[in-house]
Amino acid sequence: MSLPTVRTAALAAPFFLAGALLFASTAQAHVTLQTPQAQAGGGYKAVLRVPHGCKGSATVRVSVQIPAGVIAVKPQPKPGWQIEIQRGKYAQAYRYHGAQLSEGVRTLTWSGGPLPDAYYDEFVFSSQIASSLPPGMVLHFPVVQTCEQGVQRWIEIPADGQTARPEMPAPALKVTGGEGQ
């Protein structure tokens, strides 16, 4: 009797695995941060991973909003892409290398390329995570991905206590305890 059960399970396994892989690839088909955690008071190299274009169309622009508490932002140049930096006042001043920073980069935009839909690329910037941010805090980096035809807005931020993942989630970074915490 156990033979048919084993055989049925063995036949069902490939279908289950295929379904799980399809779900996993769909769930990962959005702009994400390579490293989803950073230490308060530490440096952070943000690597935005762009896995596809917009329904077959090439990406020509990637714009990311920098959340409060992420300071001293410096984008990494990309051959074939121009960088636009929008600066502004911070909601509060932050200590950085013995100085008070009251303004800095608020939005980074890479434009040019193009990045064909069939290819993957990364958009990188260095930054500092403010030491005043509490461990466990989640920072969101809303990204707008503009393509030759269409736009993907990875800007949805879950409400407090929301357990369902948004359809178009903003890349998220969890702050961990700083040195000595």
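**Strands, rings and contacts**

Me: In E12, which residue is the bridge partner of glutamine 39?
Reply: In this predicted model, strand E2 (residues 37–39) pairs with E12 in the parallel sense over three bridges. Strands are DSSP runs of E, at least two residues long, numbered from the N terminus, and two of them pair if DSSP finds at least two bridges between them. The partner of glutamine 39 in E12 is threonine 176.

Me: What kind of model is this, and how are its residues numbered?
Reply: Local features need pLDDT of at least 70 and side-chain atom pairs pLDDT 80 or more, while totals for chains, interfaces and linings use all residues. Side-chain values use heavy atoms, without hydrogens and water, residues count from 1 along each chain as its sequence is written, and the model is predicted.

Me: Which residues make up the covered face of strand E12?
Reply: In a regular strand the side chains alternate between the two faces of the sheet. Strand E12 covers residues 172–176, and its uncovered face holds Ala172, Lys174 and Thr176. The covered face holds Leu173 and Val175.

Me: Is histidine 140 buried or exposed?
Reply: Histidine 140 is found in strand E9 (residues 138–140). Beyond its neighbours within four places in sequence, its contacts (heavy atoms within 4.5 Å) include Ile157, Pro158 and Ala172. Buried means under 20% relative accessible area, exposed over 50% and partly exposed in between, with a 1.4 Å probe and protein chains only. At 16% relative accessibility, histidine 140 therefore counts as buried.

Me: How many aromatic pairs does a search of the whole structure find?
Reply: Rings of Phe, Tyr and Trp (its six-membered ring) pair if their centres lie within 6.5 Å; planes under 30 degrees apart count as stacked, over 60 as edge-to-face and the rest as tilted. Tyrosine 90 and tyrosine 94 form an edge-to-face pair, at 5.5 Å and 75 degrees. Ring pairs also link Trp81, Trp110 and Phe123 into a cluster. The number of aromatic pairs found is four.

Me: Why is the pair of phenylalanine 125 and phenylalanine 141 called tilted?
Reply: Phenylalanine 125 is buried at 1% relative accessibility, and phenylalanine 141 is buried at 0%. Phenylalanine 125 belongs to strand E8 and phenylalanine 141 to the loop between E9 and strand E10 (143–147), 16 residues apart. Their ring centres are 6.2 Å apart and their planes stand at 45 degrees, so the pair is tilted.

Me: What is the distance from the charged end of lysine 78 to the ring centre of phenylalanine 123?
Reply: A charge sits over a ring if NZ of Lys or CZ of Arg is within 6 Å of the ring centre and within 35 degrees of the ring normal. The charged end of lysine 78 sits over the ring of phenylalanine 123, and its distance from the ring centre is 4.9 Å.

Me: How far apart in space are arginine 106 and valine 73, C-alpha to C-alpha?
Reply: Arginine 106 lies in strand E7 (residues 99–115) and counts as partly exposed, at 23% relative accessibility. In sequence, arginine 106 and valine 73 are 33 residues apart. In space, their C-alpha separation is 8.7 Å.

How values were computed. Helix = DSSP H or I, 4+ residues; strand = E, 2+ residues; numbered from the N terminus.
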